[in-house]
Amino acid sequence: LGDHKGRLKYETNFINAVHHMAGPRFPYEVVAQGGRVIPFQEMAGFHAVAIVPWSPELCMLRHLFKMRMPLLVPDLSLLRNLVHITNIRLMPYPYNSHDPASDRAYVKAVHPFDPFEDTARGASDVRGMQARAYWAEYSEYLLLPELLRFSSAADLIARLHAMEGQKVSQRMRAAYLH
């Protein structure tokens with residue numbers, strides 16, 4: 001419940017910022033998730049979906065991508081900060097416990113950063129910044145083609161305003177079929 005309340009506060013602050021910056025003449029209605037699960041059927045009626053995840057690992061973008069719904073997601077710089085916020089709240093927790101049977105030397109040779117301990121370091125910690133950048137590269141937010149990436153609430157509004165949804169949807173369809 002504590003994490004859920006934190007997520008709702010985070011979402012509420014971001015949505016409020018978007019509402020204030022967009023103003024009353026913005027051509028789209030901004031709909032907050034508000035702690036509920038929004039069914040795919042309801043989302044199908046939207047012009048686009050902007051995702052500001054409190055945890056980038058929790059949303060499987062592939063499902064929304066298959067709907068050919070224009071998706072606006074955080075760019076690398078914003079995504080790194082979201083990973084940091086999430087992991088600070090999760091630590092210490094069993095997520096960072098290693099399986100005793102795992103070959104830690106091999107894992108460290110393949111991945112130079114711990115996905116939990118290193119990403120939860122302070123915001124100005126150099127190793128922490130490097131770890132967040134490293135692990136963000138494995139995210140669907142950066143790997144899927146044709147996603148519209150934003151760097152701030154203001155950038156999100158600008159991209160929504162300039163978006164040609166049908167063209168984005170067509171490009172997503174073409175990318176999915178390949």
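A175 is partly exposed, its relative accessible area being 29%. The views below are all drawn from a predicted model.

**View 1. A175 in helix α9.** Helix α9 spans residues 165–177 and includes A175.

**View 2. A175 and its contacts from elsewhere in the chain.** When neighbours within four places in sequence are set aside, the residues in contact with A175 are F65, P145 and E146. P145 lies 30 residues from A175 along the chain, yet the C-alpha atoms of the two are 6.9 Å apart.

**View 3. E146 in the loop between α7 and β3.** The loop that holds E146 runs between helix α7 (140–143) and strand β3 (148–150). E146 is not a glycine, but its phi is positive, at about 65 degrees. The relative accessibility of E146 is 29%, and this residue counts as partly exposed. E146 is also one of the residues in contact with A175, which belongs to helix α9.

**View 4. R68 in the loop between α3 and β2.** R68 is placed in the loop that links helix α3 (61–66) and strand β2 (71–74). Although R68 is not a glycine, its phi is positive, at about 60 degrees.

Notes:
Residues numbered from 1 in each chain as written. Predicted model: local features only at pLDDT ≥ 70, side-chain atom pairs only at ≥ 80, totals over all residues. Heavy atoms only, no water. Helix = DSSP H or I, 4+ residues; strand = E, 2+ residues; numbered from the N terminus. Buried < 20%, exposed > 50% of the residue type's maximum accessible area, 1.4 Å probe, protein only. Contact = heavy atoms within 4.5 Å.
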